[in-house]
Amino acid sequence: MQFNQHHCKINFAAGLVVFLVALPLCLGIALASGAPPLSGIVSGIIGGIIIGFLSSSHISVSGPAAGLAAIVFMAIQQLGSFELFLCAVVIAGALQLLLGLLRAGSIAEYIPIAVIEGMLAGIGVIIVFKQLPYALGISHLADIHHLHWGAAIIALISLAILIVWEKVPVLARLKLLPSALFAVLVAILLNFFWQQAGSFLEVSANQRVNLPIPDHWQDLTSLLAFPNLKGFFLPETWITGVTIAIVASLETLLCIEASDRIDPYRRITDNNQELKAQGIGNMVCGLIGGLPVTSVIVRSSANVTAGATHKTATITHGVLLLICVLSMPLVLNQIPLAALAAVLILVGYKLAKPQTLLHFWHKGPYQFVPFLATMLAVVCLDLLKGVGIGLLISVFFILQGNMKRAYYLSREELENAHEITLDLAEEVSFLNKAAIKKTLKNIQPKSKLIINAQRTSYISTDVLELIEDFINYTAKEREIQVEILGFKHHYDKKQASHIHIGHRGRL
């Protein structure tokens, strides 16, 4: 993809939007974790600049994750201090780096699309419900009778701006002024007007962004925390480090897989490189007082929605977080949380929109049941338990309906081959996705690929969409000539896998 001045402007604007979304999330997750408020900002800066630079993903955004907040809170309580906990973050980062070097990142390739989409939908539902109190200016939804009309009006106006912006073509083309940024600016000006008028609608400081303000430059370093080296000699610290490494790595790999699916260019992220980047980032977080970080789908989705095409947007958001800590806390503290809640509510709705539920309903029970189970479990339990339940159900269906040999691959050495034949067997499940994906990724430019499905009676939705994306995007970009043989409009109706291949014959 050509990267020029136009792309720089688009990605800088997207970075602004992600920065505005990330700032309250960083502070909120730090508070929920029982950690110093600045630790969340530190993690956001490292996730944006360091991990953004090292990662091979162009649209994924890393930072402190809400999914780790409960683990962090309990670990700090158990270890007795945040400084001891930082040793566990360093250990977790080192273990993630080791996992990347051992090339353990391929585990995410075996997660079916129904589970990934269910995870996204579940996260979307959680986002909407968790942001509603901020949009209404209350502490909990049970306090609805204490609704703050000023916050509610700002949230409604912000939502209206975001929705109208997408519906009006002229506004949608204003990429240098993203709808979320415009909504935030309108909210600041509206609340300023209420302040000057002495109106009861004024949104008070406790309902706005609350960034710590150092009185002097020397105070900035005093706000940071550093690891207590005694923690490296405590077995509890190592147990915590291993736990964080496992949970953070799984969440990152799941979010990277999801991010690749919403990437407008369908680019494939190197999972092993991502684990290395996350490991280095977490080691730095632990050394300078940050919370553990993962790739986070909320900020990644906001990044794509804002028009990001390159990781310049991710790095920009990290740089802006750093600048805001140093020079702009007074201005940022004027942003009503209701406006940011409106941005996140729309992001959550897009992840869990009813059309997605209907989409999997029409695919049949083998796709719908894992999707629905994953979504409900993520909402009612947590992300990892939800994905685990979805995987168990998917594996049960696969084992029940596919007991035969799945597929075989007939090809020469890809590095030197000008013509490669990929023969699909009678049944191809999502378990074969990783091998096929790796083969397609390594096919040389300007070569010829033959995908033969003449004797195939079943191909999973995951593999069909992988092949579709390869034909429609990668093959065209790399000038690969593709010939497909024997693909049917409908496979086994019991599996409800009936994706229509857009091109038949020779491309």
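A residue is called buried when its relative accessible area is under 20%, exposed when that area is over 50%, and partly exposed in between, with a 1.4 Å probe and protein chains only as cover. The model on your screen is predicted, so local features need a pLDDT of at least 70 and side-chain atom pairs count only at pLDDT 80 or more, while totals for chains, interfaces and linings use all residues. Residues are numbered from 1 along each chain as its sequence is written, and side-chain values use heavy atoms, with hydrogens and water left out.

**First stop: a salt bridge at D263**

Select R267, which counts as buried because its relative accessible area is 19%. Its side chain meets that of D263 in a salt bridge, with 2.9 Å from N to O; the term stands for a side-chain nitrogen of Lys or Arg within 4 Å of a carboxyl oxygen of Asp or Glu. D263 is buried too, with a relative accessible area of 2%.

**Next: salt bridges of helix 10**

The structure holds eight salt bridges, and another of them joins the side chains of E117 and R261 at 2.7 Å, N to O. Since E117 lies in helix 5 (residues 113-136) and R261 in helix 10, this pair ties together parts that are 144 residues apart in sequence. Helices here are DSSP runs of H or I with at least four residues, strands are runs of E with at least two, and both are numbered from the N terminus. If you colour by accessibility, E117 counts as buried at 15%, whereas R261 counts as partly exposed at 24%.

Now select K437 and E257, whose side chains meet in a salt bridge of 3.8 Å, N to O. K437 lies in helix 19 (residues 433-442) and E257 in helix 10, so the pair ties together parts that are 180 residues apart in sequence. Both K437 and E257 are buried.

Is I246 buried or partly exposed? It counts as partly exposed, because its relative accessibility is 49%. Together with I107, V242 and L250, I246 makes a nonpolar surface patch of about 310 Å². Such a patch is made of residues with over 30% relative accessible area and no salt bridge, where nonpolar side chains (Val, Leu, Ile, Met, Phe, Trp, Tyr) are joined within 5 Å and like charges within 9 Å.

Two strands pair if DSSP finds at least two bridges between them. Strand 3 (residues 419-423) pairs with strand 5 in the parallel sense over five bridges, and E419 stands opposite K448. Strand 7 (residues 481-485) also runs parallel to strand 5, joined to it by five bridges, and there L485 stands opposite N452.

**Last stop: the cysteines**

How many disulfides does a search of the whole structure find? It finds zero, where a disulfide would be a pair of cysteine sulfur atoms within 2.5 Å. Finish by selecting C285, which is buried at 0% relative accessibility, and then C380, which is exposed with a relative accessible area of 64%.

Methods: Accessible areas come from the Shrake-Rupley method with a 1.4 Å probe; for residues, only the protein chains shown count as cover.
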